[in-house]
Amino acid sequence: MSDAILVLAEHLRGEISEITYAMLGAGRNLAKALNAPLYAVLLGSDLAPLAARLGAADKVFLVENPQLNLASAGTAAALLKELMAQQQVGLVLVGGTNVSMGIGSVLSVRTGLPFVNFCKKISWDGALTCTSQLFGGKILADVKLTDGRGVISIYPGSFPAEAGKSEAAPTTVKLELPVAASTVLFKRYIEPEAGDIDITKQNVLVAVGRGIQSQANVALAEELAQALGGAVCASRPVIDQGWLPLSRQVGKSGMTVKPRLYLALGISGAPEHWEGMQGSQLIIAVNTDPKAPIFDGAHYGVCGDALELVPALAEKIKAKKGAA
Amino acid sequence: MNLFVLLKMVPDTVEELNVAPDSPALDAEFLRFKLSDPGEQALEQALLLKEKHGGTVTVVALDAPEVDEVLFTALAKGATRAVKIGGDWNRLQSFAAGQILAAFLKAAGSALSADALVLLRSQAIDDLEGEIGPYLAEELGVPYAGVVTGVTVTGNSMSIIKEFAGGLRGEFTLPLPAVLGIQSAEKPPRYVPIAKVRAALKSAKIETVDVAPPARLARFALERMYKPEAGGRAQMLEGSPEAVADKLVEVLVQQGLI
C-alpha cells in the first residue's frame with residue numbers, strides 16, 4: 001500500500017466548499033489506482049457537522065481551534081506538515097481557490113515537495129502526471145511527479161463534485177496539534193456590495209469583457225440588455241478598469257450566474273470567468289479571436305467585432321418585439 | 001514607506017500561443033510580452049500607498065523581452081527606482097523566482113526595514129508552481145497575504161481586504177514588513193501619456209543587478225506543453241453584422257427568449 005492521499009477540506013462560513021468534493025472525487029480515483037488510503041482534514045471550529053459530509057474519505061481528521069478559521073497559509077501549512085509525517089501522507093490536494101491559495105506553496109517549501117498549480121487532470125501510470133492549464137486555458141502542461149509525492153492545487157470546475165459526495169458516515173479522528181501563532185489575523189467578513197441589480201437573479205445577461213475597449217461602449221451593451229429585458233455584467237478586466245461596479249462581476253472572485261441566456265461580448269473565456277457562468281442555459285459568444293476558449297464552451301459563436309454587431313442586434317430585437 | 005513592486009512579464013494571450021517544436025516551452029518567435037494584469041494592479045496599489053504615506057517605490061523585474069519599456073512606464077507613473085535582474089529566466093518557476101527576488105531584497109537591505117512592504121501579483125497566468133508571494137515571504141521570514149484588493153497602513157501594521165468568492169471579502173490585519181499578493185488595486189491603474197514615458201526614457205535609468213541563479217529553476221519535471229483539443233465547439237454564425245444579427249434573432253426566438 002502506498003502513502004496516503006490527503007485532501008485539505010475547504011469550508012467557508014459553516015459550509016463545505018464545492019472544491020472539497022471535487023478533490024475527494026479526484027482523490028478517490030487516485031487512491032484506487034495507487035492502492036492508497038484517502039484522508040481529509042478539517043481545520044477550524046464546529047467541525048463535526050462538516051465532517052459528516054465527507055463520507056468519500058476513508059478517514060477525516062479534525063483539528064478544532066477557532067484560530068484555524070481562515071488561518072494564514074503559514075499556520076495551515078505547519079499543521080499539514082505535522083499531519084503528513086504522523087499519518088504517512090505522500091500526496092496533498094488543496095483547492096485552487098481564493099480561500100486556500102498560498103497554503104500549498106508554503107507546504108511545499110516546508111516539506112521540500114514539488115507544488116503543481118492549475119491542475120485539471122491527474123493520471124497514474126507508475127508515475128503521477130498532472131495536467132495543468134496555463135495562459136488562461138490556451139495551453140496545457142504535463143508535469144510528472146516521479147515518486148507520486150507532492151502538493152497539487154486543484155483547479156475549480158475541473159473535476160466533478162458529484163464523485164466526491166457520499167452519504168456514508170466517515171471515520172473521524174480528533175487530533176490535538178499545536179497551532180502556531182500567526183501574525184495574519186482574520187477580523188471580519190465584508191458582505192457582497194449590494195448593487196442596483198442582482199445579476200444572479202437575471203434571466204438574461206449581456207456580459208462585456210476586455211474586447212469592449214472603452215467605458216463608452218458599455219452603453220451599447222446596456223441598450224442590448226434592455227432590449228432583451230436583462231442586465232449587463234462583466235469579466236474582471238472591465239471591473240478593474242472601473243467601468244462597472246463590483247456587484248456586476250462574474251467569475252472566480254465575483255458572482256456565479258446561471259441565466260437562461262448569457263451573451264458574452266469580447267470575453268475570451270479565461271477559466272476564471274468560465275467558472276462563474278458555465279451553468280448558463282444558452283451561451284452565445286462574440287469575439288474577434290477565432291481561437292478564443294469561450295468558443296469551446298459556447299453554444300453559438302460569432303467571430304467578429306461585438307461593437308459592430310451589437311447595435312444591429314439591438315435594433316432587430318426591438319423590431320421583432322415591436323412586431324410581436 | 002519603503003515599497004517594492006515585483007513585476008512579471010507574461011506572453012500576451014491576445015496573440016496566438018504556440019509550443020516550441022523541440023521543448024516543453026512556448027515558441028518564443030511570435031510571442032509578444034506584456035506586464036501581467038495583476039502586476040499592473042500591484043504597481044498601482046504601491047503608487048497609491050506612496051502618495052498617501054510618502055517614501056519610495058522600487059520596481060523590480062527579472063530580465064525578459066520588452067521589460068525595459070514596462071520599467072520606464074512604471075518610472076513615468078511615479079516609481080522612484082527601477083531595477084532589472086539580469087539573466088536567462090525563460091525556464092524559471094515560482095519557487096526559484098522567490099529565491100532570486102529574496103536574494104535581491106536581502107542585498108538591498110532596506111527591504112526588511114520596519115516600513116517595508118513588497119507588493120506583487122497575486123497569481124500570474126503561467127505560475128505553474130503557484131504564486132511567488134508565499135515563497136518569497138518564506139525566504140524573507142515575513143507574513144504574506146494574497147488575493148488582496150485593498151490595503152490600509154497604520155504605523156507598523158496594516159489592514160487588508162482579501163477576496164473570497166461570490167463577492168464575499170474578508171478583512172485581515174498583519175504587521176509590516178510583509179509581502180502582499182495584489183489582485184486589484186483600490187483604483188484602476190493610472191494612465192500615463194506616451195510623452196511622459198519618452199521623457200522617462202531620456203532622464204531616468206534602469207539599474208541592472210546580477211543575482212546568482214539557484215541550483216534548480218523548477219522543482220518538478222515539465223514533460224510536455226500542448227494546445228488543448230477544442231471541446232464541443234460552438235456553432236459558428238457567419239456573415240455581415242446584419243446577417244449575423246438576423247441569425248441570432250432567429251436563435252433567440254427559437255429559445256423563447258424574445
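I began with B:Val59 and looked up its contacts, leaving aside neighbours within four places in sequence: they are B:Val5, B:Leu7, B:Leu43, B:Leu71, B:Ala74, B:Ala79 and B:Ala82. I note here that the model is a predicted one.

I then looked up the nonpolar cores. The largest has 139 residues, and the members that touch the most others are A:Val41, A:Val92, B:Val5 and B:Val59. I also found a second, separate core of 56 residues, with A:Leu228, A:Leu263, A:Ala285 and A:Ala306 among them. I recall that in soluble globular proteins nonpolar side chains tend to be buried together.

Next I traced the sheet of ten strands. Its order is E12(A)-E9(B)-E8(B)-E7(B)-E10(B)-E6(B)-E1(B)-E4(B)-E5(B)-E11(B), and I recorded it as open, with mixed pairing. Which strands stand at the edges? They are E12 (185–190) of chain A and E11 (206–210) of chain B; each has a single partner strand, so one side of each is left without a neighbour in the sheet.

Strands E7 (residues 144–154) and E8 (residues 157–163) of chain B are antiparallel and share six bridges. B:Thr152 has B:Ser159 of E8(B) opposite. I then looked for what packs on the sheet and found helix H1 (residues 37–53) of chain B, which touches strands E1 (2–7), E4 (56–62), E6 (116–121), E7 and E10 (178–182) of chain B. The direction of H1 makes about 170 degrees with that of E1(B).

I turned to the contact between the chains. Chain A contributes 81 residues and chain B 69 residues. Which element gives the largest share of the side of chain A that touches chain B? It is helix H9 (residues 306–323) of chain A, with eight residues. I sorted the residues of that side of chain A into 42 nonpolar, 23 polar and 16 charged.

Last, I followed an open sheet of six strands with parallel pairing, in the order E14(A)-E13(A)-E15(A)-E16(A)-E17(A)-E13(B). Its edges are E14 (231–234) of chain A and E13 of chain B; each has a single partner strand, so one side of each lacks a neighbour in the sheet. Strand E16 (residues 282–287) of chain A pairs with E17(A) in the parallel sense over four bridges, and I found A:Val286 bridged to A:Val302 in E17(A).

Definitions and conventions: Residues are numbered from 1 along each chain as its sequence is written. Chains are lettered from A and ligands numbered from 1 in the order in which they are written. This is a predicted model: local features need pLDDT of at least 70, side-chain atom pairs count only at pLDDT 80 or more; totals for chains, interfaces and linings use all residues. Two strands pair if DSSP finds at least two bridges between them. Helices (H or I, at least four residues) and strands (E, at least two) are DSSP runs, numbered from the N terminus. Two residues are in contact if their C-beta atoms, placed from the backbone, lie within 7 Å. Axes are lines fitted to C-alpha atoms, for helices over the stretch in contact, and angles run from 0 to 180 degrees between N-to-C directions. Ala, Val, Leu, Ile, Met, Phe, Trp, Tyr, Cys and Pro count as nonpolar, Asp, Glu, Lys and Arg as charged, and the others, Gly among them, as polar. A nonpolar core is a set of buried Ala, Val, Leu, Ile, Met, Phe, Trp, Tyr and Cys residues joined through C-beta atoms within 7 Å. A residue is buried if 20 or more other C-beta atoms lie within 10 Å of its own, exposed if 12 or fewer, and partly exposed in between; C-beta atoms are placed from the backbone.
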